[in-house]
Amino acid sequence: MTDGADFPTEGTSAERKMRFLYALRSRGVTDTRVLLAMERIDRGHFVRGLFAERAYEDMPLPIPCGQTISQPSVVGLMTQALAVQPRDKVLEVGTGSGYQAAILSQLARRVYTVDRHRRLVREASETFNALDLNNITAITTDGSFGLPDQAPFDRIIVTAAAEDPPGPLLAQLKLGGIMVLPVGQSDTVQSLIKVTRLETGFDYEELRPVRFVPLVEGIAAD
Ligand code: SAH
């Protein structure tokens with residue numbers, strides 16, 4: 001389901017957009033608000049250089065610092081599972097290209113996104129400014145500790161895989177809040193899980209197998 005072979009890149013931009021949205025729907029992204037956000041935010045702004053022409057294919061693609069921009073259908077399914085409400089304050093761990101944060105900015109009141117690579121945070125911030133996405137704040141930090149200054153959050157999304165949900169992130173989730181994240185060994189099969197904070201504790205739901213780059217400790221040199 002990840003080869004993108006049914007996502008030809010030829011044609012006008014309107015045709016390309018229609019094919020992009022059709023493929024998202026056929027892969028289970030059915031929430032109207034999520035589809036609208038993904039229609040508004042052009043993935044082409046988040047993929048630079050050699051791979052730019054493949055921005056509309058349903059594939060993960062390389063971005064600087066040896067990282068990847070996630071596959072659009074996975075971005076859509078994670079966003080859908082997060083069930084973001086218009087008043088929500090959302091934390092994303094793993095800014096990468098900024099694409100996921102940009103989609104969240106269409107659905108939430110405020111988005112904080114953090115990455116351990118300064119360069120990715122800088123470039124994503126430039127893209128957010130160029131697109132006038134004023135409700136996103138991008139910060140360089142080790143997201144496995146969350147963002148204590150801005151906690152608690154209504155929603156948390158992690159776009160790098162940890163072995164287990166990091167304790168500080170669970171602690172920074174509001175009551176009734178939802179966190180979506182991949183868990184598992186970094187180079188083997190991971191599961192996308194949805195954690196809901198209830199008065200009685202945490203509810204865990206396994207959504208689907210996925211493959212993400214690992215959550216790495218500490219701030220990177222670049
Ligand atoms: N959401 C991104 C894709 C993220 S790729 C997008 O839409 O393009 C995963 C990102 O997680 C990488 O950029 C990596 O640098 C970052 N990352 C890994 N470990 C981290 C940590 N401990 N804290 C913050 N970011 C981390």
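**Entry 1. Helix α3**

I began with α3 and looked up which of its residues are covered: Pro 72, Ser 73, Val 74, Val 75, Gly 76, Leu 77, Met 78, Thr 79, Ala 81 and Leu 82 are buried. I note that the model is a predicted one. I then checked what comes after the helix: Ala 83 follows α3 and has a positive phi, near 45°.

**Entry 2. Around α3**

I next looked at Gln 71, which I found in the loop between β2 and α3. The side chain of Gln 71 makes a polar contact of 3.4 Å with the side chain of Asp 58.

From Thr 79 I looked across to Val 180. The two are 101 residues apart in sequence, yet their C-alpha atoms are 8.5 Å apart in space. I placed Val 180 in strand β7, residues 173–183. Val 180 has 0% relative accessibility and counts as buried; Thr 79 is also listed among the buried residues of α3.

**Entry 3. Aromatic pairs and charges over rings**

How many aromatic pairs does the structure hold? I find three. One of them is formed by Phe 20 and Tyr 56, with 6.4 Å from centre to centre and 80° between the planes, and it is edge-to-face. I recorded both values because a pair of aromatic rings is described by the distance of the centres and the angle of the planes.

I then located the two partners. Phe 20 belongs to helix α1 (residues 13–26), while Tyr 56 is in the loop between α2 (32–40) and β1 (61–63), so the pair ties together parts that are 36 residues apart in sequence. For Phe 20 I read a relative accessible area of 5%, which is buried. Tyr 56 also counts as buried, at 15% relative accessibility.

I also looked for charges over rings. The charged end of Lys 89 sits over the ring of Phe 153, 5.5 Å from the ring centre. Likewise, the charged end of Arg 110 sits over the ring of Tyr 112, at 5.5 Å from its centre.

**Entry 4. The ligand**

Which residues are closest to the ligand? Of the 27 residues that surround the ligand, the closest are Ser 97, Asp 115, Asp 142, Gly 143 and Val 216. I then went through the polar side-chain atoms. Asp 115 has a side-chain N or O atom 2.6 Å from an oxygen atom of the ligand. Glu 92 places a polar side-chain atom 2.9 Å from a ligand nitrogen atom. For Asp 142, a polar side-chain atom lies 2.8 Å from a nitrogen atom of the ligand.

I looked up how far the ligand is covered. Taken alone, the ligand exposes 580 Å², and the protein buries 99% of that. Two or more residues of the shell come from each of β2 (67–69), α4 (99–105) and β4 (110–115). The largest share, three residues, is given by β2. Sorted by class, the shell has nine nonpolar, 14 polar and four charged residues.

How values were computed
Residues are numbered from 1 along each chain as its sequence is written. This is a predicted model: local features need pLDDT of at least 70, side-chain atom pairs count only at pLDDT 80 or more; totals for chains, interfaces and linings use all residues. Side-chain values use heavy atoms; hydrogens and water are left out. Buried means under 20% relative accessible area, exposed over 50%, partly exposed in between (1.4 Å probe, protein chains only). Helices (H or I, at least four residues) and strands (E, at least two) are DSSP runs, numbered from the N terminus. Rings of Phe, Tyr and Trp (its six-membered ring) pair if their centres lie within 6.5 Å; planes under 30 degrees apart count as stacked, over 60 as edge-to-face and the rest as tilted. A charge sits over a ring if NZ of Lys or CZ of Arg is within 6 Å of the ring centre and within 35 degrees of the ring normal. A residue is near a molecule or strand if one of its heavy atoms lies within 4 Å of it. A polar contact is a pair of N or O atoms within 3.5 Å; within protein, one must be able to donate a hydrogen and the other to accept it, and residues adjacent in sequence count only if both atoms are side-chain atoms. Accessible areas come from the Shrake-Rupley method with a 1.4 Å probe; for residues, only the protein chains shown count as cover. Ala, Val, Leu, Ile, Met, Phe, Trp, Tyr, Cys and Pro count as nonpolar, Asp, Glu, Lys and Arg as charged, and the others, Gly among them, as polar.
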